[in-house]
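This report covers a sheet, a metal site and a pocket in one structure. The sequence and the model are shown first.

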Amino acid sequence: MHDDDAFTNPRAHDSEALDQLIARRLSRRRLLKGSVVAGAALSVPALSACSPQSGSSDVPAPAGSSISGRFQFQEIERGSDQTHHVPAGYDLDVLLRWGDPLFPDSPAFDPHNQTAVAQSRQFGYNCDFVGFLPLAPAADQVPRGLLCVNHEYTSSLLMFPGVAADYPSSMTAERCAVEMAAHGGSIVEIRLVEDRWQVALDSPYNRRVMADGTPMTFSGPAAGSSRLAIGSDPSGTQATGTLNNCAGGVTPWGTYLLAEENFHGYFQGELNDDHPETPNHQRYGVPGGWFQWGRHRDEFNVSREPSAPNRFGWVVEVDILDPQSTPKKRTALGRFKHEGAESVIAPDGRVVLYMGDDERFEYVYKFVTEGRYDPDNRSANLDLLDHGTLYVARFEEDGSLDWLPLVHGEGPLTRANGFASQADVVIETRRAADLLGATPMDRPEDVEAQPDTGRAYVMLTNNTLREADNVDAANPRANNAFGHIVEITSPDGDHAANTARWDILIQCGDPADPSFEAVWNPETSPNGWFGSPDNCAFDAAGRLWVATDGNQATGAADGLWGVETDGPLRGTGYAFFRAPVGAEVCGPRFTPDGKTLFLAVQHPGDGRQATFEAPTTRWPDFDPAQPPRPSVVAIYRQDLGAIGG
Ligand code: FEO
Ligand code: CA
Ligand code: CA
């Protein structure tokens, strides 16, 4: 993500009495029952070897592990250099690079002559979420599917030649329009030809969704609210694009969800102290001023359109099987810095979406649909996300968790507190959650449910602004530079329940340095630990994989690790992929057969003072005439077995 040091939650520094703090720390120790503090003795019961799922038995056990776990590959080594690394026995293809064609008429990539028209027909910048929806084979029986890729943001200095010297005045209207076209998402059909995925330019499904020029509607409780109205849309029902699409989801009915994350960064101008939206905007950090679009466009300037920021911070649903469909901003899911929107079906058929609000001291949410998923009637599912209940999590000291409903008229969410309707509750989701007493977390990012166990995992990236006087059991470290992963266990596997239990799976960072208070299974090798978990995925075998954004703080590149969640190796990490310098790793997405892993390599070549002319790497082309290009890669096992063994 595009990071800064800001946080906006006024509850961040609620102080705690010292005795409470001590009690919390003791309770935390009790809670870490599944993990072991590094260096402590571990009693390991004898295990029979876990055989690889398919094929090769000569893939070595993970380095550093004396017992067999669920992952079977040779770990790669920690480090940082200009290219990527995969384990022995694996291949990597660069599948889609920034600027690659998506349609038969797409112009060739020419970074020295970028136009918005060309970019609108090409793969966008800074790929993040990756979704995969298998399609039924055509007459040729070639396996095929739709890849859905978010383009979170643009890195102006890396993207455009010659803009660094006079930035930001160098950001002309046309360059800003190129940036808008490089945001959003790409939907592209891929086909498996000779065991390798290829882009199908002739597919009728291929589509770009952008920050401008993509008509959308608002649906759900905030649609039509006067608080969404701007000059070009007095009805508050019509949008023209989506931005800062970080992670997302693919629903059980085959639609694509794009989460709008750091929308505040796109607004310039001045807040008027007397304007009724000013406290709301301040709670979200608006205007962030990261981008120059507001110099050219009123809807990104709060001086001219003070309600415009209320039109972002939503989850957008796109019916990718209907390329002519109009995307919908699903306001029932709340408005915050949405990281992702992965779903799971509860035992009674309701759909549950877990969502993080990625900022220091923000909250974990879930949405439970009112209606039930109907696997036999796709069209009946298409508006499930307009009706249901949004909840925010309160992590109790005793390991219990309460899901608190954000429902207008209940508890403090009343007109007396400025909530005249459910529209106000969802527009000001953060303030509503503040009043309910939700637990401020250490940057909640991806949250995903394991498909079989009734458990969900929350990636908490880091929070160096948490101080000793406001740690709690679920966020137990002051100056949390490396983040942690929280496990949520729903009762009887019912993700729709309004209570759960929680535990800490790992506390990231180097377990060899006691001052970090890292918590890993001691079987974790020197390569197997990491910092700043961001995105996660479960593979076909139900194993957890974690990608990082910020592992550079540990002195090594970002990457992807397998993490054991069960048994005596619970809390053990294994290094699988390393990104080139400057890049974070996003996406992770496995094909349903587990044989292909797609990863998004975002902002390769970035770094302090990195520019188009002087990036930190020119991955993946290594052509002196080309800038680094954010890309989606496909990883295969050479023997065509399942990724990870
Ligand atoms: Fe866009 Fe939270 O990372
Ligand atoms: Ca992220
Ligand atoms: Ca994910």
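In what order do the six strands of the open sheet lie? In this predicted model, the order is β8-β7-β12-β11-β10-β9, and the pairing is mixed. The edges are held by β8 (238-239) and β9 (245-250); each has a single partner strand, so one side of each is left without a neighbour in the sheet. Strands β7 (residues 216-219) and β12 (residues 328-330) run parallel and are joined by three bridges. Within β12, K329 stands opposite F218.

The calcium ion (ligand 3) has donors at 2.1 to 2.4 Å. They follow the spacing D-x1-E-x87-C along the chain.

| Residue | Donor to the calcium ion (ligand 3) |
|---|---|
| D446 | OD |
| E448 | OE |
| C536 | O |

The second largest pocket holds about 650 Å³ of space. Its lining has 22 residues, and E342, E448, P451, F538 and R589 lie nearest the centre. E448 is also one of the residues that coordinate the calcium ion (ligand 3). The elements that give two or more residues to this lining are β2 (127-135), β13 (342-345), β20, β24 and β28 (584-590). With four residues, β13 gives the most. By type, the lining of the second largest pocket divides into 15 nonpolar, three polar and four charged residues.

Technical notes:
Residues numbered from 1 in each chain as written. Chains lettered and ligands numbered in written order. Predicted model: local features only at pLDDT ≥ 70, side-chain atom pairs only at ≥ 80, totals over all residues. Heavy atoms only, no water. Donors = N, O, S within 2.8 Å, 3.2 Å for Na, K, Ca; no water. 1 Å grid on protein atoms, 1.4 Å probe; cavity = no way out; pocket = protein on both sides within 12 Å on 5 of 7 lines; lining within 4 Å. Points joined across faces, edges and corners; volume = space filled by probe spheres on them. Nonpolar A, V, L, I, M, F, W, Y, C, P; charged D, E, K, R; others polar. Pairing = 2+ DSSP bridges.
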